[in-house]
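Please give me a quick briefing on this protein. I want the overall layout, then the sheet, then a few residues in context.

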Amino acid sequence: MIHDATPSWSGYNYQGKLALHYVLSHICEKLSADPTYTFHGDSIVLENNEDFELFVAGELVSFHQVKAYEKQ
């Protein structure tokens, strides 16, 4: 049987897009509330404990497990 990595790749691709969207939303939210906000200590970590985790000022504020399902 031939192994097809397409579903795995699609899942990682979806995960990356969702993480990027989440981070951009975080940036927009912070800058809307305070245009002088600096992002020192803010970071996103991919594939550590969860699919992605958001840290603000070095503190974990959210973590996400991403699942992509194909419609049948």
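The points below go from the whole chain down to single residues. This is a predicted model. The protein has one helix and three strands. From the N terminus on, these elements run α-β-β-β. The radius of gyration is 15 Å, well over the 11 Å that the globule rule gives for 72 residues, so the protein is more spread out than a compact globule.

**Confidence and overall form**

- The mean pLDDT of the protein is 86. Of its residues, 90% reach 70 or more.
- Among the elements, β2 has the highest mean pLDDT, at 93. The lowest belongs to α1, at 87.
- Along the principal axes, the C-alpha atoms fill a box of roughly 55 × 25 × 15 Å.
- Buried residues account for 19% of the 72 residues.
- Take the contacts between residues at least 6 apart in sequence: 30% of them join residues at least 24 apart.

**The sheet**

- Three strands form an open sheet, ordered β1-β2-β3, with antiparallel pairing.
- β1 and β3 (59–64) are the edge strands, and each pairs on one side only.
- On average, neighbouring strands of this sheet are turned by 20 degrees against each other, direction ignored.
- In general, strands of a sheet pair through backbone hydrogen bonds.
- Four bridges link β1 (residues 43–46) with β2 (residues 52–56).
- The hairpin of β1 and β2 has five residues between the strands. In this hairpin, E47 takes a positive phi near 55 degrees.
- Between β2 and β3 there are five bridges, and these strands also run antiparallel. Here E53 has F63 in β3 as its bridge partner.

- Q15 lies in helix α1. Q15 is buried because its relative accessible area is 8%, under the 20% cut-off.
- Beyond its neighbours within four places in sequence, Q15 is in contact with E47, D51 and V66. E47 is the residue with the positive phi in the hairpin of β1 and β2.
- K17 is also placed in helix α1. Its relative accessibility is 55%, over the 50% cut-off, so K17 counts as exposed.
- K17 and I44 are 27 residues apart in sequence. Their C-alpha atoms are 13 Å apart in space.
- H26 belongs to helix α1, which covers residues 6–33. At 10% relative accessibility, H26 counts as buried.
- Not counting residues up to four places away in sequence, H26 touches F39, D42, L54 and V56.

**Aromatic pairs**

- The structure holds two aromatic pairs.
- In one of them, the ring centres of Y37 and F39 are 4.8 Å apart. Their planes stand at 75 degrees, so this pair is edge-to-face.
- Y37 is partly exposed, with a relative accessible area of 23%. F39 is likewise partly exposed, at 28% relative accessibility.

Notes
Residues numbered from 1 in each chain as written. Predicted model: local features only at pLDDT ≥ 70, side-chain atom pairs only at ≥ 80, totals over all residues. Heavy atoms only, no water. Phe/Tyr/Trp six-rings, centres within 6.5 Å; stacked < 30°, edge-to-face > 60°. Buried < 20%, exposed > 50% of the residue type's maximum accessible area, 1.4 Å probe, protein only. Pairing = 2+ DSSP bridges. Helix = DSSP H or I, 4+ residues; strand = E, 2+ residues; numbered from the N terminus. Contact = heavy atoms within 4.5 Å. Axes fitted to C-alpha atoms, helices over the stretch in contact; angles between N-to-C directions. pLDDT = per-residue confidence, 0-100. Rg over C-alpha atoms; globule rule 2.2 N^0.38 Å.
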